[in-house]
Amino acid sequence: MNTKFKWALGILIVSVFAYYAINFFVNRSEGDKVVEIYFADRITAAHKKLIEIYNERNKGKVRVIPIDFPNFDFSTNERKEVLARSLRGTGDGIDLFAVDIIWVQRFAKWGESLDKYLTEEEKKRLLPLAVESCYFNGELVAVPLVLVNSICYYREDLAETLPNGKELIEKLDSSNITWEEFLSYRNEYKGDKPFYIFPAADYEGMICNFMEFLLSQNPNYFQQYGFNLDRPEAEKALQFMVDLIYKYKATPPVVTKFTEISSYEYFIKNDGFVIHGWPTYDMDFINEPYDKEKQSKLKKMRIPYFKGGVPTSIVGGWDLMVSKFSTKKKETIDFLKFLLSDEAQEIFYKLSGHYPVIKRFYEDTLYLNKYPEIPKIKEYLKTAKHRPAHPDYTRFSKIMSYYIDEALKKRLPVKEALNKATNAIQLEKNILQER
């Protein structure tokens with residue numbers, strides 16, 4: 001176990017025991033009737049407000065205690081491992097926890113089945129795209145909390161300085177630009193400034209980029225070929241990622257070290273033109289801005305796509321799971337349903353930038369009039385595709401990420417990297433089947 005992982009796990013353990021100790025003394029004045037729910041997630045401003053509202057409404061009966069995974073301290077992969085380690089055994093200290101939508105299959109063994117807790121009407125309120133990730137073997141083991149899909153941001157002020165800037169802005173805003181058209185503007189941009197930034201470190205965020213290029217060519221790739229990457233579509237996807245760096249010189253090689261946060265910092269500080277990211281960036285960096293003036297010039301746009309392909313983005317977001325070890329399931333389910341209420345989902349949208357997971361938000365004139373950007377969000381979501389659902393997806397993704405990283409760093413040719421990834425995944429499958 002590396003030092004950072006020990007530190008992260010230590011923080012989780014200390015935070016749980018600290019809350020136990022603090023609330024022991026608080027509860028002495030309230031009696032023993034207060035039920036404490038321990039909720040593990042990245043606690044944003046929206047989370048804090050909703051926990052405050054819920055605790056106030058249930059004062060003297062139920063108290064939600066947050067266990068925080070700060071975005072600047074934990075990568076997504078680190079958060080997954082810390083959470084999994086804490087749930088092994090009896091999962092003491094956690095009643096409700098949020099998981100990345102691609103973790104549901106892996107965490108299902110620690111999650112309570114939720115079919116018996118939600119009525120059909122409650123299930124029908126949920127956006128189909130959001131709830132799609134919540135099933136394991138036909139059973140509802142999670143519910144969606146928040147939803148996003150990958151998008152790009154561009155600097156409007158920098159686009160205006162280009163010789164054909166007005167024309168480019170119209171194309172970017174139309175959400176209908178191909179990679180071929182996009183790169184044709186590369187030479188018009190400042191030669192020493194990055195034209196396109198995407199996070200390309202050895203982690204899941206880089207896989208999202210690869211999936212977009214792959215699924216743009218064939219949306220049903222994984223249904224047809226599984227995790228076999230010895231295919232022309234996979235080769236074209238990875239070769240294009242490599243070419244963005246070394247052939248077109250649109251992307252600096254340093255991106256192979258970047259996750260979302262570091263890529264955004266580099267993008268802002270170095271006057272990048274377009275960055276690949278998530279629609280929550282507006283809120284993620286609002287309290288820790290790198291340059292408020294530059295950040296105020298950012299505009300959202302749909303991700304370009306291959307000529308002859310289809311516009312494609314990757315679904316992201318977080319789902320809620322109830323620990324099967326929880327002894328407070330009734331109260332935990334009540335809090336879970338509160339987080340799915342119209343009120344809570346609107347607060348998530350307003351304070352964190354995540355898309356709501358309820359249908360009404362996208363259909364009701366109340367919200368359509370209140371938030372004029374909703375039609376554009378609906379257009380973005382039309383391009384959204386899920387990564388393949390598989391209990392061992394995170395294992396396979398880690399393998400893909402390693403070999404794609406080798407290609408992006410020019411340590412392996414593209415075809416060899418994909419061949420090695422395919423063989424390694426097959427070997428991993430064989431090992432898992434023998435267990």
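Trainee: What makes V274 and H276 of strand 9 count as buried or exposed?

Mentor: In this predicted model, V274 and H276 lie on one side of strand 9 (residues 274-277) and are buried. Buried means under 20% relative accessible area, so each of them falls below that cut-off.

Trainee: Why do the residues fall on two sides?

Mentor: In a regular strand, side chains alternate between the two faces of the sheet.

Trainee: How do you know that strand 7 pairs with strand 9?

Mentor: Pairing takes at least two bridges. Strand 7 (residues 151-155) is joined to strand 9 by 4 bridges, so the two pair, and they run antiparallel. One of the bridges links I151 with G277.

Trainee: And what joins strand 8 to strand 9?

Mentor: Strand 8 (residues 196-197) has 2 bridges to strand 9, and these strands run parallel. The cut-off is at least two, so strands 8 and 9 pair as well. Y196 has V274 as its bridge partner in strand 9.

Trainee: Now the helices: why is helix 21 called roughly antiparallel to helix 22?

Mentor: Helix 21 (residues 393-408) and helix 22 (residues 414-434) pack at about 160 degrees, with axes 9 Å apart. Angles over 145 degrees count as roughly antiparallel, so that name applies to helix 21 and helix 22. Their crossing is right-handed.

Trainee: Which residues make the contact?

Mentor: Helix 21 contributes residues including F396, I399 and Y403, and helix 22 contributes A421, I425 and L432 among others. The contact residues divide into 10 nonpolar, no polar and 4 charged.

Note on methods
Residues are numbered from 1 along each chain as its sequence is written. This is a predicted model: local features need pLDDT of at least 70, side-chain atom pairs count only at pLDDT 80 or more; totals for chains, interfaces and linings use all residues. Side-chain values use heavy atoms; hydrogens and water are left out. Axes are lines fitted to C-alpha atoms, for helices over the stretch in contact, and angles run from 0 to 180 degrees between N-to-C directions. Angles under 35 degrees count as roughly parallel, over 145 as roughly antiparallel, 65 to 115 as roughly perpendicular and the rest as oblique. A crossing is left-handed if the near helix is turned anticlockwise from the far one by less than a right angle, and right-handed if clockwise. Contact means heavy atoms within 4.5 Å. Ala, Val, Leu, Ile, Met, Phe, Trp, Tyr, Cys and Pro count as nonpolar, Asp, Glu, Lys and Arg as charged, and the others, Gly among them, as polar. Buried means under 20% relative accessible area, exposed over 50%, partly exposed in between (1.4 Å probe, protein chains only).
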